[in-house]
Amino acid sequence: MATPQVVILTGTSSGFGAAAARELTVRGHTVIATMRDPDQDGPTISQSMGDNLEVHRLDVTDRASIDAVVATTLERHGRVDALVNNAAYLLLGAVEDLAEDELASQLDTNVIGPVRTAQAVLPTMREQRQGKIINISSVAGRMTGPAFGAYCGSKWALEAMSEALRFEVSPWGVEVVLVEPGTQHTGAQFDNMSLVRALREGNSPYEAPCNALIAGHQKYAANRPGPRTVGSTIADLVETVDPLPLRLPIGDEAALILGMRARMSDEEFEEALQTMDNDGFPGAYFKAARQENHAS
Amino acid sequence: MDEVVEQLPSQVVVITGASRGVGFETARELAYRGHQVIATMRNPDRDGPAVIAGYENRIQAIRCDIGERDSTEAAAVFALERHGRIDALVNNAALLLIGAIEEVVDDEMHDLFNTNLTGQMRMTQAVLPAMREQKSGKIITVSSLAGKISGPAFGPYCASKWALEGLMESLRYELAPLGIEVSLILMGAYRTQIQFKSTFLTKKLQDGVSAYQAPCEAFVKGEQVRANLNPGVRTVACNIADAIEFPDPLAPHIPVGFDVHRVMPLRQRMTHDEFEAMISSMRNEGFPGSWFGTIEANPPVPIS
């Protein structure tokens, strides 16, 4: 039985964050589950959980909220064993359509957010000579495709940051891990997904392929597993005593896509993506784009 | 005086960061080959004459700061008014930030991404309307091993470069149906000015209060020593010029430099554990050896 760990998680109102928070609570750890709106979203995750689950407000773009949570955690529990950087969102749209403020927001949450939270816990973890920073990446952290430039760009940046951080903090016994799930049935593809303004306002030359992609991808996502397996995997990582690898792909889709990306040349992978005959990402995009070209 | 016999149709090329390094050499190589170059930089009065010298009828040096949207749009307007078209954009301007992830502050990250990611996007968006109308064009972005690997003291910088790689790879798919090509120059270690004039340290490093002060300083010094020993960027410039002149579709990445050909297969074929062990064991001068050598010589004090 693993020693109870003190774990701070971000973005626990739904999806992987909620699943991991609940799993860790059931396993008896001290769980600091954070979210932007605990009044609204807190009750959903704390329902039928023991009092080893605490819900706090934390917005990864707001340093004061981060520092407050870390301070409270240290006051009450004296240590921070693991940080799970989960809060993120998917911005969909073509690079040509991407507004600067939209890109900046995507980076602010998905990249700088995890940097801020890591910075808040690292002094403690280095003093403890122990700690884990678990960053939720995705297959999108090592591959990309049309309409995913901002999101995948942000996840690639998260991966680069994590790889550097891992080297930087290992002399103090602090570990950094990247979790890479594929598409799961969570809000990431639904109410947590944002479209670029150009798409929402009907000004995009990429409207047809993007709309086809969204519809196809959502249909695909609705049939994918829910977040419990990822939640359980994250709990395993918190409990593992052996040294952890940098990257942990989770699930069938991750194994397939990341395997292809690793083994194929750029050209081979590009060809595979452009000719993939599926109805979600990326097939729906390319089929719609080809239809449009033949029509014009 | 010009000695070039024009053999290929003259291309109109916009280059960012053309005051020195890869931008400078590429501008002059393209001019030598008979193309028209809009060499953009932040201070054309100071830096323009050196770029133009001898190619006054082929190179125009104008102001562009890719950190500002108006500036990028004005550069595109200039090119179109002068030449009527834009055949290629070379996204080259970038800056290098050194420092530990634990210590980089919000402003530093915002500035870094504003130049290295958003800046490239801005300039690209500024030229795309013309390329769309032409149904042709090439967006060539200067990337490097820092866009494929990462390491200590390089976290924020590599994050900006990996993000740029992801953005450009997506753009490549998006623009392919329009006849506009996107490619990344994957350059290895060369002697450019980035390790000198375009390198910024995090504030904590500058103030001498970083928890990572010694390994970071050794790293910066090592990189500068290495940079002075490496060949200059003429070959990179030639590869970019070749890509612009190339009549057939461009590959997603154009590798330049023997170290790229050595590191990329290792990166692709090793497990990460193997790659990490290899990187950690290096004791070369510069990236990454200076860092690990310093930590080895001065490990953090063990807890009692």
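**Exercise 1. Strand β1 of chain A**

Which residues of β1(A) point one way, and which the other way?

*Solution.* The model is predicted, so that local features need pLDDT of at least 70 and side-chain atom pairs count only at pLDDT 80 or more, while totals for chains, interfaces and linings use all residues. Residues are numbered from 1 along each chain as its sequence is written, and chains are lettered from A and ligands numbered from 1 in the order in which they are written.

Step 1. A:Val6 and A:Ile8 point one way from β1(A), and A:Val7 and A:Leu9 the other way.

Step 2. These four residues are all buried; a residue is buried if 20 or more other C-beta atoms lie within 10 Å of its own, exposed if 12 or fewer, and partly exposed in between, with C-beta atoms placed from the backbone.

Step 3. β1(A) and β2(A) run parallel and are joined by four bridges; two strands pair if DSSP finds at least two bridges between them. Opposite A:Val7 stands A:Val31 in β2(A).

**Exercise 2. Helix α3 of chain A**

Determine which residues of α3(A) are buried and where they lie around the helix.

*Solution.* Step 1. Helix α3(A) covers residues 63–77, which is 15 residues. Helices (H or I, at least four residues) and strands (E, at least two) are DSSP runs, numbered from the N terminus. From first C-alpha to last, α3(A) reaches 21 Å, close to the expected 21 Å; the expected span of a helix is 1.5 Å times one less than its number of residues.

Step 1. The buried residues of α3(A) are A:Ile66, A:Val69, A:Val70 and A:Thr73. Seen down the axis, they fall within an arc of 95°, so they line one face of the helix. The arc is that of the directions from the helix axis to the C-beta atoms.

Step 2. The face turned away from the buried side carries the exposed residues A:Ala64, A:Ala71, A:Glu75 and A:Arg76.

Step 3. The buried residues of α3(A) are covered by elements including β1 (6–9), β2 (30–35), β3 (53–57) and α4 (100–128) of chain A. After the helix comes A:Gly78, whose phi is positive, near 80°.

**Exercise 3. B:Trp291**

State why B:Trp291 counts as buried, and name the residues that it touches.

*Solution.* Step 1. B:Trp291 belongs to helix α11 (residues 289–297) of chain B.

Step 1. B:Trp291 counts as buried because it has 27 C-beta neighbours inside 10 Å.

Step 2. Not counting residues up to four places away in sequence, B:Trp291 touches B:Pro152, B:Ala153, B:Pro215, B:Ala218 and B:Phe219. Two residues are in contact if their C-beta atoms, placed from the backbone, lie within 7 Å.

Step 3. B:Gly151 is 140 residues away from B:Trp291 along the chain, and their C-alpha atoms are separated by 9.4 Å.
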